[in-house]
Amino acid sequence: MLIGRYFSPALTTVHVPIAAMIQDAIGRLVAASQGDAMPTAPCHHQGRLVIRESVARR
């Protein structure tokens, strides 16, 4: 979340790849609307930890 940087101390957040998740969901919806079989494997999108001032560094 971009808002985390505006707090004092800046908050540590998790970046979630929303655009990739939306793209995957739309692809699945299009495939389903065309009668294609839905993938049975779950989608895994890698998030990343954005460490800011709210975490003590060692």
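Biologist: How many salt bridges does a search of the whole structure find?
Modeller: The model is a predicted one. Side chains of opposite charge can pair when their charged atoms come close. A search of the whole structure gives a salt bridge count of 1.

Biologist: Which residue forms a salt bridge with Arg28?
Modeller: The closest N and O atoms of the pair are 3.5 Å apart, and the cut-off for a salt bridge is 4 Å. Asp24 is itself partly exposed, at 26% relative accessibility. The partner of Arg28 in the salt bridge is Asp24.

Biologist: Why are Arg28 and Asp24 separated by about one helical turn?
Modeller: Both residues belong to helix H1, which covers residues 18-33. Arg28 and Asp24 are separated by about one helical turn because their spacing in helix H1 is 4 residues.

Biologist: What pattern does the protein chain follow along the sequence?
Modeller: The secondary structure comes to 1 helix and 2 strands. Strand S1 takes in residues 13-15, helix H1 residues 18-33, and strand S2 residues 48-50. Read along the sequence, the pattern is β-α-β.

Biologist: What radius of gyration does the protein chain have?
Modeller: A compact globule of 58 residues would have a value near 10 Å. The C-alpha atoms here fill a box of roughly 50 × 20 × 10 Å along the principal axes. The radius of gyration of the protein chain is 17 Å.

Biologist: What percentage of the residues of the protein chain count as buried?
Modeller: A residue is buried when its relative accessible area is under 20%. Thr13, in strand S1, is buried with a relative accessible area of 13%. Of the 58 residues, the share that count as buried is 14%.

Biologist: Which residue's side chain makes a polar contact with the side chain of Thr13?
Modeller: Thr13 lies in strand S1 and is buried. Its side chain has a polar contact of 2.9 Å.

Biologist: Is His15 buried, partly exposed or exposed?
Modeller: His15 is in strand S1. Leaving aside neighbours within four places in sequence, His15 is in contact with Gly47, Arg48 and Val50. Its relative accessible area is 35%, and values between 20% and 50% define the middle class, so His15 is partly exposed.

Biologist: How far apart are the C-alpha atoms of His15 and Pro39?
Modeller: His15 belongs to strand S1. Pro39 is 24 residues from His15 along the chain. Their C-alpha atoms are separated by 26 Å.

Biologist: Which residues does His45 touch, not counting those up to four places away in sequence?
Modeller: His45 is in the loop between H1 and S2 and is partly exposed, with a relative accessible area of 34%. In sequence His45 is 27 residues from Ile18, while their C-alpha atoms are 9.0 Å apart. The residues that His45 touches are Pro17, Ala20, Met21 and Asp24.

Biologist: What is the C-alpha to C-alpha distance between Glu53 and Ile26?
Modeller: Glu53 is in the segment after strand S2 and counts as exposed at 60% relative accessibility. Ile26 and Glu53 are 27 residues apart in sequence. Their distance in space, C-alpha to C-alpha, is 36 Å.

Biologist: Which residue forms a cis peptide bond with Pro9?
Modeller: Pro9 is in the segment before S1. Pro9 is also one of the residues in contact with Glu53, along with Ala10. The cis bond has omega near 0 degrees, and the residue joined to Pro9 by it is Ser8.

Biologist: Which element gives the largest share of the nonpolar patch?
Modeller: The patch has about 840 Å² of surface, and its residues include Val14, Ile18, Met21, Ile26 and Leu49. Leu49 is in strand S2 and counts as exposed at 56% relative accessibility. The largest share, 5 residues, comes from helix H1.

Biologist: What percentage of the accessible surface belongs to carbon and sulfur atoms?
Modeller: The nonpolar patch makes up about 840 Å². The accessible surface of the protein chain comes to about 5000 Å². The part of that surface belonging to carbon and sulfur atoms is 63%.

Technical notes. Residues numbered from 1 in each chain as written. Predicted model: local features only at pLDDT ≥ 70, side-chain atom pairs only at ≥ 80, totals over all residues. Heavy atoms only, no water. Buried < 20%, exposed > 50% of the residue type's maximum accessible area, 1.4 Å probe, protein only. Contact = heavy atoms within 4.5 Å. Polar contact = N/O pair within 3.5 Å; in protein donor to acceptor, adjacent residues only side chain to side chain. Rg over C-alpha atoms; globule rule 2.2 N^0.38 Å. Areas by Shrake-Rupley, 256 points an atom, 1.4 Å probe, with all protein chains shown as cover. Patch = residues over 30% accessible without salt bridge, like charges linked within 9 Å, V, L, I, M, F, W, Y side chains within 5 Å. Salt bridge = Lys/Arg side-chain N within 4 Å of Asp/Glu carboxyl O.
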